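Here is a short briefing for a first look. Take a moment with the sequence and the model before reading on.

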Amino acid sequence: MTRENYLKIMAALGAGALLPQNLLAELLTGEEIKRSDFGKDFVWGTATAAYQIEGGWNEDGKSESNWDYFTHHKHKVKNHETGDVADDFYRRYESDIELMRKMNIPAYRFSTAWSRILPNGTGIVNQKGIDFYHRVIDKCLKENIEPWLTCYHWDMPQVLEAKGGWTNREMLKWFEEYVTVLAKNYGDKVKNWMVINEPLSFTLAGYLGGVNAPGTVSFKNFYSSIHHATMGQSIGGRAIRANVKNANIGTTFVAMPFDGWKNKPINNEVAKRADVIINRMFIEPVLGMGYPVKDLPALKHVVKHMKEDDEQKIKFDFDFIGIQNYTRMVMKSLALIPLIHGLPVNPKKVTTQDITQMGWEVYPEGIYRSIKQFAAYPGVKKIIITENGAGFDDVVINGEVHDSKRTQYIKDYLKQILLAKREGIDIGGYFIWSFMDNFEWAEGYRPQLGIVRVDYKTQERIIKDSGKWYSEFLSGK
Ligand code: GCO
């Protein structure tokens, strides 16, 4: 989500002072990181999501998804762009996975499109959809790339969204059925699973902010979808546990630190409220801590949706927690704004560092702080960085992309991850967002977050300098 969209949402929602920079980080300055610094078992990968790369939106029995519907009918995406073709991964998955291999990338995080698997949302399974992901998974295995499967990265069959999607409690059954189909079909081959990608994003941006599918602007929808998505995490986790032997099960969250502008108490309070919404709301119930209502009384509107047994069913013992960090936000009080009573300050005011195409401050310490915050929960066993990356304006010069800012970004964030690891936190892996440029939701195709460039006219791929750096780093010791 861009900063502008965050602002819109924060404005609807109700949304700092700079913490001193992490002193310890200075210890790392100048040190070149090596793959071996992270240990032998550390998982290195890149990530994508179905709707952002696949295209083939109505091929082989796939039904219309909520994102197909949203891009075709709501015209809220920049330049009215759609994922109809995207990176054409549906046809090019073989050469794309071969490219990953060529780049020495050992793990690939991708998601499946519910609308390919169960076009009606529930019921009849579409064998051609099932087969597509078998081919993707088999190709990964053949190339010695470990598949990491995300069950839900924001796209569902439109028939279900039309019934309210995550705002409808029936979703708990629909979702369980879908995840069970995935687990039963792919469980022999795929051992690493993530249930839901960033529940915050589709509940906040989709049901309240109106900028993602389905595009509603409703507190009522927001509150009900929060509870059902939170439950979905555990329900999905249990469905995988029941059907996949030796599964490594996680789920992924937005993770970013919030500071109060100029460290003023009133702004720090805003930062605390934003922290509840963005970082705490979806994980704490799963860990058995309940919704953080004490720190944000408005969450009583979420709790209202709890039914008998939900308190038990909402818990799940995840093997790992995926955290996705790009930036941090500095918050300033604005009483009129509901819920959070503040807004993020323009990052230009808080940093002299680069701002990415998404309007996000480059803030490497943020990933360290988020890791520390999530690792502090006693119920969190292991952390995996399931997304991190940056969008910058890339230029092709003689068939090359010299994206030095992106390479520097990745190196600087990796140093901070190493720092947290050296403090004894169990961090199991790192996935760059993204393997290749792709459809960036409400922003369309302008933001380029890939380490591989995609020319959308020709579908040509060019490994950017950042991709070359990653591949060299991975081949090293
Ligand atoms: C997310 C999604 C990705 C985005 C990426 C850049 O975290 O928002 O998982 O699909 O493309 O984060 O915004």
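How many residues surround the ligand, and which are the closest? The count is 14 residues, and the closest are Gln52, Glu198, Tyr326, Glu387 and Glu440. Keep in mind that this is a predicted model.

**Ligand**
- Glu440 places a polar side-chain atom 2.6 Å from an oxygen atom of the ligand.
- For Asn197, an N or O atom of the side chain is 2.9 Å from a ligand oxygen.
- Trp433 has a polar side-chain atom 3.2 Å from an oxygen atom of the ligand.
- The protein buries 98% of the 320 Å² that the ligand exposes when taken alone.

**Thr386**
- Thr386 sits in strand E10, which covers residues 383-387.
- Is Thr386 buried or exposed? Thr386 counts as buried because its relative accessible area is 0%, and buried means under 20%.
- The Thr386 side chain makes a polar contact with the side chain of Gln324, at 2.9 Å.
- Leaving out residues up to four places away in sequence, Thr386 touches Gln324 and also Ala47, Arg109, Met194, Thr252, Gly322, Ile323 and Phe431.

How values were computed:
Residues are numbered from 1 along each chain as its sequence is written. This is a predicted model: local features need pLDDT of at least 70, side-chain atom pairs count only at pLDDT 80 or more; totals for chains, interfaces and linings use all residues. Side-chain values use heavy atoms; hydrogens and water are left out. Helices (H or I, at least four residues) and strands (E, at least two) are DSSP runs, numbered from the N terminus. Buried means under 20% relative accessible area, exposed over 50%, partly exposed in between (1.4 Å probe, protein chains only). A polar contact is a pair of N or O atoms within 3.5 Å; within protein, one must be able to donate a hydrogen and the other to accept it, and residues adjacent in sequence count only if both atoms are side-chain atoms. Contact means heavy atoms within 4.5 Å. A residue is near a molecule or strand if one of its heavy atoms lies within 4 Å of it. Accessible areas come from the Shrake-Rupley method with a 1.4 Å probe; for residues, only the protein chains shown count as cover.
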